[in-house]
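Visitor: I have a structure on my screen and some questions about it. Could you take me through them one by one?

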Amino acid sequence: MTLTGQSLIAGQWQGRAEQGEFQAFSPAKNQPLSTRYFNVTSTQLNTAVDAADNAFIEYRKTSFSQRADFLECIAEQILALGDDLLTQTAQETNLPMARLQGERMRTVNQLKAFASALRENPDSPLGLKLIDEADSNRSPLPKPRTELNYLPLGPVAVFGASNFPYAFSTLGGDTAAALAAGCPVVVKNHTAHPGTGELMARAALAAIKECDMPLGVFSMLQSDVYDISHQLVAAPAIKAVGFTGSFNVARLLQETIAKRSEPIPFYGELGSINPQIVLPKKAQNEGKAMAEALCQSMLMGNGQFCTSPGLWLVPTGCDELEAEVANCISAAASDTLLTPGIVKTFKKQVSQRSELENVELIAKGALTEDFHGNAHVFACNVDTYLATPALREEVFGPAALLVRYESMEQLSLLVAALEGQLTASVHDSADDLAKAEHVIEELKYKVGRLIHNQMPTGVEVCGSMNHGGPFPSSTDVRSTSVGLNAMLRFLRPICYQS
Ligand code: NAP
């Protein structure tokens, strides 16, 4: 499929070379791809936002069944892109085909899950309507009938992440949740996969036409100029922002939002180091298997998952476990990272970590190409961890830190000092868990998802999932970006009385 490099502005493909341009990058070849993408102008951005604002008036009146048809049609149109979509994304990300096929299915199923939820509860999102009947005999005053229901907020700005080109991008979770809630969407496409974004926008446009939806209900902006992102979140007609990405960029966008005259919700799904607590008997009895599981999970996607296990809490003296970590990591082949920016930051972070006092490198994998990221596992004791703030930062790529604890009391201290996390896992065997009750009680308040004897990578898309967590893993601890409750981000309550 030939790409135009243009943005989709309310049904029109727009963009010319004079506007400035950028290219996508091939992580496998370490060179730019040939297609040129045109930077959207401020005028085009405003047209997209105004169109979304106008479309809201019509789109919010659609029945839940019409919205469900629309979401299902988008899902079908994504599948109709066929292998062209997978090939394009593989060029832009170098993610393996099996991973891309799985993520595409997950994205399609996410859209269909919202469609089913809308059909199941045709007069109230997720069946949340509450009614208190009138009581004319109540004294001293009669009680009126009140009914609580939910309305869509209005146009939503969506920013996706580089590492999930489908599920957390153009037609990913935030877009699906906003459209299900009745909100038009303006996506700032990610520069790491602009061609994928263009194909996805084609799928959205085909569905808009087939379902006779207003053209302004979905726009997609291409740009590598950061100012465009700030203009988008500052636009008065934008009523909420769904963002998946790094902590630093989230803070910058929040600063811009804070200057708006009308405050709006900002849902930032950010990074995390996802602590893995290995309890003493597990470490002693199953040290080798535990080490393999930790390394495999950390190496998945070359460490580029928001749920990658970056912090391993292990009892001191677990020689078998540590030896196996060293074996696995030394044998791990280096691989590409998603963007040159991620390569640069990864290298800087592991080099800084190597120079920290009282932090040792247990092992690293060979670097076969200079533009790859190679596995690193560092180690330190609890006191060093507690005294070194740099060790709490996410390293986005194949790196982890093993922290040796001497007692359950020391483990408790460390857990109490943890920042907010998307997930944490507790690995136990025999009667370990009973002795760790106070650790787990503390841990519940640090995470959005607490896992027993499993690794954190892989987020199930289902109604009971929570993907989010206390700050700094996300900016709103009350909300999830995965699962049906993600719709709540883009709704507000209204009470009808009498
Ligand atoms: P990123 O660099 O923060 O990019 C996210 C978005 O912000 C992109 O659209 C990017 O635009 C934009 N951006 C970058 N710099 C900006 C600036 N100075 N001002 C305004 N906008 C700017 O993150 P990423 O590399 O794509 O993704 C990796 C991060 O996302 C990791 O921290 C990972 O843990 C996290 N993540 C979290 C989840 C989750 O669900 N919690 C899921 C996936 C990833 P450009 O395209 O122009 O660069």
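Visitor: At what angle do the axes of helix α2 and helix α6 cross?
Guide: Helices here are DSSP runs (H or I, at least four residues; strands are E, at least two), numbered from the N terminus. Axes are lines fitted to C-alpha atoms, for helices over the stretch in contact, and angles run from 0 to 180 degrees between N-to-C directions. The axes of α2 (residues 64–80) and α6 (residues 194–210) come within 8 Å and cross at roughly 135°.

Visitor: Which word describes how α2 and α6 lie to each other?
Guide: Under 35 degrees counts as roughly parallel, over 145 as roughly antiparallel, 65 to 115 as roughly perpendicular, and the rest as oblique. The angle is roughly 135°. Therefore α2 and α6 are oblique.

Visitor: How many nonpolar, polar and charged residues are in the contact of α2 with α6?
Guide: Contact means heavy atoms within 4.5 Å. Phe70, Cys73, Ile74, Gln77 and Ile78 of α2 meet Met200, Ala203, Ala204, Ala206, Ala207, Ile208 and Glu210 of α6. Ala, Val, Leu, Ile, Met, Phe, Trp, Tyr, Cys and Pro count as nonpolar, Asp, Glu, Lys and Arg as charged, and the others, Gly among them, as polar. The classes come to ten nonpolar, one polar and one charged.

Visitor: What can I rely on in this model?
Guide: The model is predicted: local features need pLDDT of at least 70, side-chain atom pairs count only at pLDDT 80 or more, and totals for chains, interfaces and linings use all residues. Residues are numbered from 1 along each chain as its sequence is written, and side-chain values use heavy atoms, leaving out hydrogens and water.

Visitor: How far is the polar side-chain atom of serine 246 from an oxygen atom of the ligand?
Guide: 28 residues surround the ligand (a heavy atom within 4 Å). Ser246 is among the closest. For threonine 191, a polar side-chain atom lies 2.7 Å from a ligand oxygen atom. For serine 246, the distance from such an atom to a ligand oxygen atom is 2.5 Å.

Visitor: Which residues of α8 make the contact with α7?
Guide: Helix α7 (residues 226–234) and helix α8 (residues 247–258) pack at about 40°, with axes 9 Å apart. From α7 come Ser229, His230, Val233 and Ala234. From α8 come Leu252, Leu253, Thr256 and Ile257.

Visitor: In which loop is proline 140?
Guide: A cis peptide bond joins serine 139 and proline 140, with omega about 5°. Proline 140 sits in the loop between β5 (130–132) and β6 (146–152).

Technical notes. A polar contact is a pair of N or O atoms within 3.5 Å; within protein, one must be able to donate a hydrogen and the other to accept it, and residues adjacent in sequence count only if both atoms are side-chain atoms.
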